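Visitor: I'm new to this one. Can you walk me through it?
Guide: Gladly. Here it is.

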Amino acid sequence: MLEQLKRSFLSALLLAGPLAAAETASLPVQALAERLAQTPAAATLLDVRTAEEFAAGHIEGALNIPVQELEGRLSELPADAPVIVYCRSGRRATQAAAVLRGRGLTVTEVEGSFLAWQAAGLPEAQAPSAPRP
């Protein structure tokens, strides 16, 4: 019951706007999965791992911009939507979140990032393979 209340509270804060989202710096993977099932377009889900890592498996609906390319590709992110960011374990997501917050975006990090998503047994999407010649 307490965990359910916590998840509901975090989701409400994230949807409330920039100040509330800044206070809620992270989102548990289960809460993210529930949110994506209910309102998938309410935020931009950003995977900041390499293209190879992304192709091997990612969260459905995620946009892949490697953290090294983020500053040069900021125009690909909607300025009016919150961003939920993840990487493999959390280090690159924290770096990306700092860059995005510095640009005035509302950012939430996925707790435990993709490793936590996998550990929870949540579904993974894979990039289609390139056609063979």
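Guide: A rule to start with: rings of Phe, Tyr and Trp (its six-membered ring) pair if their centres lie within 6.5 Å; planes under 30 degrees apart count as stacked, over 60 as edge-to-face and the rest as tilted. Also, this is a predicted model, where local features need pLDDT of at least 70, side-chain atom pairs count only at pLDDT 80 or more, and totals for chains, interfaces and linings use all residues. Residues are numbered from 1 along each chain as its sequence is written, and side-chain values use heavy atoms, with hydrogens and water left out.

Visitor: How many aromatic pairs does that rule give?
Guide: The count is 1 aromatic pair. Tyr-86 and Phe-114 form that pair, and it is stacked. The centres are 5.9 Å apart, with 25° between the planes.

Visitor: Where do the two residues sit?
Guide: Tyr-86 is in strand E4 and Phe-114 in helix H6 (residues 113-119). They are 28 residues apart, so the pair links distant parts of the chain. Helices (H or I, at least four residues) and strands (E, at least two) are DSSP runs, numbered from the N terminus.

Visitor: Is Tyr-86 buried or exposed?
Guide: Tyr-86 counts as buried, at 0% relative accessibility. Phe-114 is buried too, with a relative accessible area of 4%. Buried means under 20% relative accessible area, exposed over 50%, partly exposed in between (1.4 Å probe, protein chains only).

Visitor: What about Ser-113, what is its phi?
Guide: Ser-113 has a positive phi of about 50°, although it is not a glycine. Ser-113 lies in helix H6. Its relative accessible area is 1%, so it counts as buried.

Visitor: New topic. What is the strand order in the sheet?
Guide: The order is E1-E5-E4-E2-E3, in an open sheet of 5 strands with parallel pairing. Strand E1 (26-27) and strand E3 (63-64) are the edge strands, each pairing on one side only. Two strands pair if DSSP finds at least two bridges between them.

Visitor: How many bridges join E2 to E4?
Guide: There are 4 bridges between E2 and E4, which run parallel. Thr-44 has Val-83 of E4 as its bridge partner. E2 and E3 also run parallel, joined by 2 bridges. There, Leu-46 has Leu-63 as its partner in E3.

Visitor: And E4 with E5?
Guide: Strand E4 (residues 83-86) and strand E5 (residues 107-110) pair in the parallel sense over 3 bridges. Val-83 has Val-107 of E5 as its bridge partner. Helix H5 (residues 91-102) packs on the sheet. It touches strand E2 (44-47), E4 and E5, where contact means heavy atoms within 4.5 Å. The direction of H5 makes about 175° with that of E5. Axes are lines fitted to C-alpha atoms, for helices over the stretch in contact, and angles run from 0 to 180 degrees between N-to-C directions.

Visitor: Back to E2. Which of its residues are buried on each side?
Guide: Thr-44 and Leu-46 are buried on one side, Leu-45 and Asp-47 on the other. Both faces of E2 are covered. In a regular strand the side chains alternate between the two faces of the sheet.

Visitor: How confident is the model?
Guide: The mean pLDDT of the chain is 82, and 77% of its residues reach 70 or more. pLDDT is the predictor's confidence in each residue, from 0 to 100.

Visitor: Where does pLDDT stay under 50?
Guide: Over residues 1-24.
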